[in-house]
Each structure stands twice: as structure tokens, then as C-alpha cells.
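Subject: Structure handover

Hi,

Here is the structure you asked about. Please open it alongside this note, and my findings follow below.

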Amino acid sequence: MAKKDDFRTRENMIVENCSASEIKRDILNNLFCHQGKFPEVATLNDWYLAVAETVRDRMMKRWIYSSHTYFEKQSRTVVYLSAEFLLGPQLENNMLALGITEQVKEALALLNLDYNTIINAEEEPGLGNGGLGRLAACYLDSLATMRIPAIGYGIRYEFGIFDQVIRDGWQVEITDKWLHLGNPWEIPRPDIEFYVKFGGHTENYNDESGRFRVRWIPDRMVVGTPYDTCIPGYRTNNSIMLRLWKAEACESFDFASFNVGDYYGAVHEKVVSENITKVLYPNDEPAAGKQLRLEQQYFFVSCALQDMVRIFLQRDKDLRNFYKKYVIQLNDTHPAIAVAELMRILLDEHSFSWDDAWETTRKTFAYTNHTLLPEALEKWPVSLFGRLLPRHIEIIYEINRRFLEDVRKRFPGDEELVREVSLFEEGGEKYVRMANLASLGSFSINGVARLHTELLKKTVLNGFYRISPEKFNNKTNGVTPRRFIVVCNPELASLISETAGERWLVDTSELRILEKYADDVPFQERIRKIKLNDKRRLSEIIRQKTGVAVDPESMFAIQAKRIHEYKRQHLNLLQIIARYLDIKYNKNFSYVPRTFIFAGKAAPGYFMAKLIIKLINTVADVINSDTAVKGLIKVVFLPDFNVKNAQPVYPAADLSEQISTAGKEASGTGNMKFAFNGALTIGTLDGANVEIRESVGEDNFFLFGLDASQVIEMKKKGYNPREIFNSNSRLRSVIDFIMSNEINGRNGNIFTPLVNSLINYDEYMLFADFDSYVRAEKDVDDTYKKSAIWYHKAILNIARMGKFSSDRAILEYNSDIWKAPIIEVNTRD
């Protein structure tokens, strides 16, 4: 076993006031001074806040030193613009970064407080829907840890993604009041505020030099104020800032309206203005929802750019150098309006010429695309866009005119290309295409997995690839090993450090050391015991939340991700039903006992996804109550999947279900989190699965299904799911079971639309992959029965996953795109 390597204990590390007795003292001081309580009457939330404030206080000096160092060095800064930052609980992660976890545990013991109770008291800041926001949070963690100057900008949603409860098998959305008990990690900055305009009209005029200019006369304005959160690097003095914007009224109270008895009118402006940051992603099906979502995107982008200009002008008065100070990464299309907003600021507020403004803009932005689904590429009706942002629509029209003029010169006669790359989609209703705006206004365009990037070039962004192939590059996603191994799975992390040293925490290539232990029987046994403990922990959570008792000795096969048809939770369900029917009617008891666990939220307006949740729960009720299966199958839907609730899920998986239709998933990161924790993957050649399979070894990955090219080819030839249904007796029996009185009939035939969709259309090719999937699941069973072989593969998965750390991803972004300095913050005066 390797000796522990305390690689980040440096003389200049801040370790002040970090003994257990000092931490205890400060917890009590914060309880007295901030909560105004004494121990005998303090609530659990009082104690949590006091502990969190005590940890935050120890982060502050590093944060201030980092900010001052970056200011003094005028460091080139990475700006990460994202509509979502799904941070997860911060207390454990921040203690880990500071290296004070054990001292805090000891301090709490001295206060007769239970560590886990305090940890579990923290609210989940639900500032994101899933993978996009969690990736942003991982990247902030890695930017700080890799010592790269950076700022994250986003929205301080008052209400985050809904809390999910299951009632009668259906998803029910409950308001996420994550701020109602206070947020100890944020620092309000009421002294900083920016005005954001909406609506109105524009006026043309000539400035004092006789040059043509445009003035925007809005019909309303809101004020953006920031709330800052420190993101500490792991065992380094470097910290970075996440700045989230809250919308407020320019004038919160209208005394004139109040005095004439119009009490609602007196606060009307406040209510309307604050709606902008009230809730994460309003339902954009109605027109009002679309407008509010566009307002959200423009609001935070405008605040962020105004803030960057403010900071820039503190040290440099020539905004032509703006792109040298900042490189702005657009996290998908939500912040793409930033391209037009920077042009507006430079043209209208700083009197740039068009050419100078465009040169500065296109050297500033880089764009990450996260989707291959055409319907997910944002576009806005020109009527809405022009009414809400009249100056920006003018700018976009002019960008487009100049761009298409150049395209026609370079590709004469190719009007199909012109239509494809235009910033506007013509047709019945005209739309602004935000992915096209981001692609044109950025110097770099990247996908998030090798397959995804290649498909981008060939499909949704093919036109831009033809015009500017040099812009395109791949940056495969990654996840932070600190949260998703150390915080999630401390037993496993401890074993890895004991075996391989501690450097893997910032260099996951060191995990390769574990390969030599893949066939070591004592090591395998330790991995098995850790996995069993993790499964016992999750089993208890399942019992508490669902009332279902599961056997931790059974294989845990887990599919935990957003509910969507392309992610194919219903394909998983089809093979579960096939297994159930084989056991019940064919008396085939050769299967390995399994617990199938589903978790994930469906978008509130996505009927088919919510129907899939209902079907999972309906089938689970039938199977779990049937004694004929002899304990060989349990099915569970674990509600309210978020970062906090995911932390016990990833370590407990034996099998990770990554079964999306090939060519549909951009990357995925859940696949990485499961594999880092020793789960084997069953999956298609989709997203990052391709690279995971290459890294861990083909023999250590259960592959099934069509690949992306085969999916395209089958659809071109005229895919007919009904033919497969008619010719496949096993599949037919599964569908018949769903349509039976036991499932569909007793629920008012609500599943008929789902079944009809599969038989007649099957957009995501479930029937095409069904037989291959069932065979692969049989291979899983056969392998799991051979414990030594299974844990050999599990250890190799852990050892070979190093590529999928967010640290690696961030260093690649920086090397190839951002070119920001790596700066060591020295706190010694």
C-alpha cells in the first residue's frame, strides 16, 4: 500500500483558527451573535447556520486574497455564463476544500451535536434542472482548484427547480423554497446595481462627430443586484466567485398610487420586476412564459456584461482590450443574447465603430453546445424578441446582413447554406436562432463528447462547420472527484488514498495505480464491503422515502437522470417486465436478484415523461406485491432526485443504466459519477459512453443497441416499429401486459397514448434495441454471479476513469480556448 501523500500542505496555506476547540468557540459565537440564540433553545437550523458561518469565515481570507491577487496582476479571467448552477449542498464540500472536516466533526462532538444531522439540515439550492447546471458547478470547483482566475455569472432564482413528490404514482411539483431558512454562503452586494432595459423603441441620431448612432428608449427598466458565493479550490488558497443576480424594481413603492387608494398599483412595479428572478425556467408554453424566460436570459447577461465593463474600467480605459481581459464561455444557448448585448454596449454606450465592436465581440466569446436535439436549440419569435429587445433585433439583423453577404461571396449559389446559417428562421412565423448567433459570435465552438462534436459538425451546426471549421473542437465533460467520490463515498475515497496516495484528488490519472489490485482478493473484498455498506445506506433511505423494503444483497441497477423519452427509462421498464413475465409464467428462477431503481424529474409540461413515471410506479406496485417472483425483482422510484439526494445513490449502484438512443445524448455526466464509484455500465454508443468504454476497456462495459449511424440509416430506410412488434413474441407479451387490466385498465387506459406512440412511431427506437438490450442484461446477470470477475471489472472501472475528471476538462478548455494564467495565491504578507 502506498504511503499517504500530503501533497497540498504548503507553508503558505491558511490554516488559522482551525483546531476543534477554536471551531467550537466560533460556532457558539456565531450562534450567539448571528442567530441570537443560546444552545438550550437553538433549533437545528440555528446550529446548521452557525456551523456554516464558522466554515465560511475560514474561507473569507482566501477569497479576499485571491480577489486582490487577480486585481493586482490584472489577470485574464474566465467568465462562465450559465443560466444554471446546480451547486448542491456546500457545507461538506467547503470543509473538504479547507481540509477541516475532522476538526469540525470533533468540534460538533464537543457540543454534543451529531455531524450527519447537521449536514442533512442544509437546503439544496435548486438553481438548475440537471446536467447542465451540475456541469457548471463542477467546472467552478475545478477552475478554483486548478488556480485559474474565473467568475461565474447566473441568476439567483428565488424558487429553484421544484421538489418532486409522488402521489398515486404521479409526479407532483412542490415549490422549492430553498431560501426560506436563510443562505449562509451568499454575500449581498446592494452597493452594486445595474439598470436593465426592456421594450420601448429606438431613435437614430448623429453624435457630436457627425457619426450615425442609435439611442434605445425603453418603456420599463429593472435593477439587478448581485449576491456573491465563494467557491474555494481544494487545498489551495485560490478561490473564485459565483455572482448571481436578483431583479428588483427601480422604485419599489409608488406613494402616489397608494395615496389614492390603489394599493396593488403601489407595489405593481416591484411585483413585475421581481418576477424575472422568481422561478427557475418558467413554463414557456404560454406566451407569457416565453417572454419571462427571454427576460431572464437577457437580464442576467446584461448585468454580467455591465459588471465586467465596470471591473475592466477600474484598470484599463480602452475597451478594445476587453477580450484580452475576459474570455466568456457561453454554457449552451441560454446566454447567447450576450453577443448582441456586448455589441450594443460597445456601439451605443462607448461609441465604437461597427467593425471595432464586432472584432472585440467575436474575440471575446466561446460557445459550448449541449444538445443534438433540434427542438432544444433555442429560438425566439421575432415578434416577441423585437417587442422586448428592440435595439438587439436591429443589431442582429445587421450582423446577419453582413454575414450572409460574406457567405454568398464565399459560396456563390449555395442558398441552402445561406438558409441554414442565417440568424433567422423563415417560414410561417419568423424566429431568431440563438445557437446560430452564438456560433457566429464566438471564436470557438465545442461539443461535450467526441461523438457529440462529430455529430454537431455533420448535423445541427454543419453549415458553420463548412464556413469556419477551425472554430470547432471537442471538450469531453468531466465531474469533480471531490464531491462525487470523497463527499459521496468517503469509505471508497479513504481506500483509494490509502492505496494510491492522495494526489488523485487533483490528478485522477493517479487512479491507474489501482489497476494492479484488480485481482487482489483482499482488495476486492474491501471494495465489496464498501459497496454493501453503501447499498445498506441507500436501502434505508428507500424504505424511509417510499416504504419499499429492498435487499442490499441484491444487485442494484440504477437509472438516475432527467426523465425524457430519448433517455429511455421506458426501455428499461420493458426489459424489467420481460424478466418479470419470464419468472412468473416460465418459472425461470435463474436470474440474479435485482433491485431496479429509477430516479429523476420530468419537466412539468412534458406529459409523456410524467406518464412514464406513472407507468414505472404502476408496474412497481404490481411486481413488488407479487410473491411469485420470489424476491428476484424489486422496482423502486426514488423521488426528488437532486444533488443532495444523489450523493448516496451513485456509490450504491452495481450497474449503471446509460441506455439513451445513440446520437441523442450530448455527453451525460451521471455515467461518469456511477463509474467513478465502481458501477459497471450497460449502455449504448451514445455521448460519453463511447469514451468511457474505450477508457475502461470493452470487456468491462456491457454494450448493446444500434450506434448513431445505424439509427440514421434505419430511419432513412423507413423504420417500422409495428413490424418488430408483430414479429417479436417477447416484446408483444410485454406490451400486452402494459395494456392489460392489471396495468392500463385499472388506470383508465391512460397508458394507451404511450403504447400507441411506440407501436406506430417509436421515435427513440426502443423496439429496435429491445432484443439486444435483453441479451446484454442477461450477460450482466451471468457476470455478476462470478464475484471475482465482477469486482475485477469494478476496480478497473474506478482505476481507468481518470480522464473524466472536470479538472482535466478545465485544463483542456484553458489550454485550447481560454489561455488564462494559472496563478498561485500567496497569502503571506
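Which residues in α34 are buried? They are S806, D807, R808, A809, I810, Y813, N814, I817 and W818. Keep in mind that this is a predicted model.

**Helix α34**

Helix α34 covers residues 806-818, so to speak of its length: it has 13 residues, and its end C-alpha atoms are only 16 Å apart. A straight helix would reach 18 Å at 1.5 Å a residue, and α34 falls short of that. S805 caps the N-terminal end. A side-chain oxygen of S805 lies 3.0 Å from the backbone nitrogen of D807. D807 is itself one of the buried residues of α34. After the helix comes K819, with a positive phi near 55°.

Strand β10 takes in residues 239-249. Nine of its 11 residues are buried, so the strand is largely enclosed by the rest of the structure.

- β9 (residues 220-232) runs antiparallel to β10, and 11 bridges join them. T225 of this pairing stands opposite K246 in β10.
- β2 (residues 150-155) runs parallel to β10, with five bridges between the two strands. Here G152 stands opposite L242 in β10.

β9 and β10 also form a hairpin. Six residues lie between the two strands. R235, in the turn, has a positive phi of about 50°.

**T499 in helix α20**

T499 is found in helix α20, residues 490-500. Is T499 buried or exposed? It is buried, with a relative accessible area of 1%. Its side chain reaches the backbone oxygen of L495 at 2.7 Å. The two positions are four apart in number, and the general rule applies: an α-helix has 3.6 residues a turn, so residues three or four places apart point the same way.

C18 is buried, at 14% relative accessible area. C33 is in no disulfide either. Its nearest cysteine sulfur is that of C18, 19 Å away. C33 is exposed, with a relative accessible area of 64%.

Best wishes

Notes: Residues are numbered from 1 along each chain as its sequence is written. This is a predicted model: local features need pLDDT of at least 70, side-chain atom pairs count only at pLDDT 80 or more; totals for chains, interfaces and linings use all residues. Side-chain values use heavy atoms; hydrogens and water are left out. Helices (H or I, at least four residues) and strands (E, at least two) are DSSP runs, numbered from the N terminus. The expected span of a helix is 1.5 Å times one less than its number of residues. Buried means under 20% relative accessible area, exposed over 50%, partly exposed in between (1.4 Å probe, protein chains only). A polar contact is a pair of N or O atoms within 3.5 Å; within protein, one must be able to donate a hydrogen and the other to accept it, and residues adjacent in sequence count only if both atoms are side-chain atoms. A disulfide is a pair of cysteine sulfur atoms within 2.5 Å. Two strands pair if DSSP finds at least two bridges between them.
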